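Okay, thanks for making time, everyone. I'd like to walk you through one structure today, so let me put it up on the screen.

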Amino acid sequence: MNRRFFLDSDETFRAILECAPDAMIIADADGVMLIVNAEAERLFDYPRLDLIGQPIELLMPERFRGAHPEHRAHYTAQPHRRPMGAGLELFGRRRDGSEIPVEISLAPLPIEGTGLTCCTIRDVSARRSAEEAHRRTMEAYRMAVEVAEIGTWFWDVVKDQITWSGQFRKLFGLQSDATLNYDEITRLIHPEDKPRIDAAIEAALRRDVPYDIEYRIVWPDGSVRWLIAKGRVRRNAEGTPLDMQGTITDVTERKRAQEVLRQREAQARRTAELMRSNHDLEQFAYVAAHDLQEPLRMVASFTQLLGQRYKGRLDADADEFIDFAVDGAQRMQQLIKDLLAYCRLGTGGQAPRRTSCLDALDEALRNLQVAISESGATITNDALPEVLADRAQLAQLFQNLIGNAIKYRSEQPPRIHVGVRASESEEWIFSVRDNGIGIDAKYHDRIFAMFQRLHGRTRYPGTGIGLTLCRKIVERHGGRIWVAPGSGTGTTFMFSLPSGGMD
Ligand code: ADP
């Protein structure tokens, strides 16, 4: 075969055209298709004869057809090579009207004076759907990362450059997106945590130990956040680290919640311990007070006997000593009586039941009859409600408060008023107001503590247990007790009791 003839022949030209993997169409200056190859037939699904002689616009979606002759005229005036993938979103139209995404390259045929153009059309639908699938995957990934508020980072180990996502920037409190290196970025880490980070990164790079670490970051405004960082190293075939990439998550809130929980648990443990030791102490005080009663009764009665029998028969000093001993023994008996009453509150007592405060007040006043008539006290009261309470304890509460109001009276005869009002939080607020000597505001809290007294024994006898007892009674009933501030002359004690829906 004549090789030269073979290469030059028309037949060779056509054979090349037929083998081309892309659709090829030769069109004249008016856009009429003159030659089409097999791939063009397949792509557009037209028999060759239906294409030849037809305008090239036949192969375009209708919406582009109108404007195309102008583009074509423009091209014919200045024909030039236009490569594929020139960034245009182009579509072809098949015989059934369906569209196919395509890339088109145009080249003027280098045959002088013909005005012929060779269009090469490539079907890019597979690539476009792959791109679309990729885009969707990336979108879903971005969305997931965004919703989970996960920051991502990438460290080019070779160039020592770190890049990051928007969320990372936010979590690290970074002001700009300028790339930073390892030292620059780890400078933002809390100084106490930095050595741990260095060691963990070192282990990940050297020995492929998983990078998974919790640390604190210090924001430019000085606030501290807790982060969890995870990462993975990528290596080349020789095992040299290329880069490291990973995530960070903000766990500050979780950390704070854990801390609050830890503190609450510690508090609950302390409270339980306190309750136990309180209970032990009360037990101890009760047993001691109880067992002291008997020997004390002996001491008291024999010293009294001593006083009765030998008063005036010994010398004056002896008489005085006996008086001291009698007085001491009596005070001790009172103290022990009060202590026992206090301890019994913890163990004894009735289950709370519907109790008339008025009845409890009457009982208290009956017990205080002597003191009331001696002092000439006047006691008035509001209409008092019914509450859920241990009646004996409620009477004791009124008795102690009114007893004190009488005991700590001024020059005036005591005027005492027991008041009550409902509060917004389902409570009754009681008040016991007197016109006595008053209490300095700085002692308002202290007086409720055991054995706390503001006055000498000689003027006002007492043990300093009365108000402690009142507080215990009120607290056992779910209320509080306090002294009303700045009430002018006299004192007003206030206490609350739950109304429990009763009125
Ligand atoms: P006491 O046995 O000393 O009366 P309390 O616990 O009942 O013990 O009272 C503690 C202290 O509070 C008293 O010593 C007294 O100084 C003061 N106090 C209590 N009630 C009144 C009151 N109504 N007016 C003035 N001071 C009072």
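**Pockets, cores and a few cysteines**

Let's start with a lining. The second largest pocket is lined by residues that split into 18 nonpolar, 7 polar and 3 charged. Keep in mind as we go that this is a predicted model. That pocket comes out at about 750 Å³. It has 28 lining residues, and the ones closest to its centre are Met 60, His 68, His 71, Arg 82 and Leu 106. So which element gives the most to that lining? It's α6, with 6 residues. At least two residues each come from β1 (23–27), α6 (68–77), β3 (90–93), β4 (99–108) and β5 (117–123).

Now over to the largest pocket. Its volume is about 1400 Å³. There are 48 residues in the lining, and closest to the centre you'll find Asp 338, Asn 404, Lys 407, Thr 463 and Gly 466. The elements giving two or more residues here are α12 (316–347), α15 and α16. By class, we have 17 nonpolar, 20 polar and 11 charged residues in this lining.

Where does Arg 453 sit? It's in the loop between β15 (427–433) and α16 (466–476). Arg 453 and Thr 463 are 10 residues apart along the chain, and their C-alpha atoms are 7.7 Å apart. If you skip neighbours within four places in sequence, Arg 453 is in contact with Tyr 408, Tyr 460, Pro 461, Gly 462, Thr 463 and Gly 464. Arg 453 has 22% relative accessibility, so we call it partly exposed.

Next, the packing. The largest nonpolar core has 44 residues, and the ones with the most contacts inside it are Leu 394, Phe 398, Ile 402, Phe 430 and Phe 495. Helix α15 (residues 391–407) gives the most to this core, with 8 residues. Take Leu 394: leaving out residues up to four places away in sequence, it touches Thr 355, Cys 357, Ala 360, Val 387, Ala 389 and Leu 497. There's another core lying apart from that one, with 26 residues, including Trp 164, Ile 189, Tyr 211 and Ala 229.

How many cavities of 30 Å³ or more does a search of the whole structure find? It finds 2. The largest cavity has a volume of about 180 Å³. It's lined by 15 residues, with Trp 153, Ile 162, Ile 185, Ile 201 and Tyr 211 nearest its centre. By class, that's 14 nonpolar, 1 polar and no charged residues. α9 gives the most to this lining, with 3 residues. The elements that each supply at least two residues are β6 (150–156), α8 (166–172), α9 (182–186), α10 (194–207) and β8 (211–218).

Last stop, the cysteines. Searching the whole structure turns up 0 disulfides. Cys 119 is in no disulfide, and the nearest cysteine sulfur, in Cys 118, is 6.6 Å away. Cys 119 has 9% relative accessibility, so it counts as buried.

How values were computed:
Residues are numbered from 1 along each chain as its sequence is written. This is a predicted model: local features need pLDDT of at least 70, side-chain atom pairs count only at pLDDT 80 or more; totals for chains, interfaces and linings use all residues. Side-chain values use heavy atoms; hydrogens and water are left out. A disulfide is a pair of cysteine sulfur atoms within 2.5 Å. Buried means under 20% relative accessible area, exposed over 50%, partly exposed in between (1.4 Å probe, protein chains only). A nonpolar core is a set of buried Ala, Val, Leu, Ile, Met, Phe, Trp, Tyr and Cys residues joined through side-chain atoms within 4.5 Å. Helices (H or I, at least four residues) and strands (E, at least two) are DSSP runs, numbered from the N terminus. Contact means heavy atoms within 4.5 Å. On a 1 Å grid over the protein atoms alone, a cavity is a set of points where a 1.4 Å probe fits but cannot get out, and a pocket is an open set with protein on both sides within 12 Å along at least five of seven lines; lining residues have an atom within 4 Å of a point. Grid points are joined across faces, edges and corners, and a volume is the space filled by probe spheres set on the points. Ala, Val, Leu, Ile, Met, Phe, Trp, Tyr, Cys and Pro count as nonpolar, Asp, Glu, Lys and Arg as charged, and the others, Gly among them, as polar.
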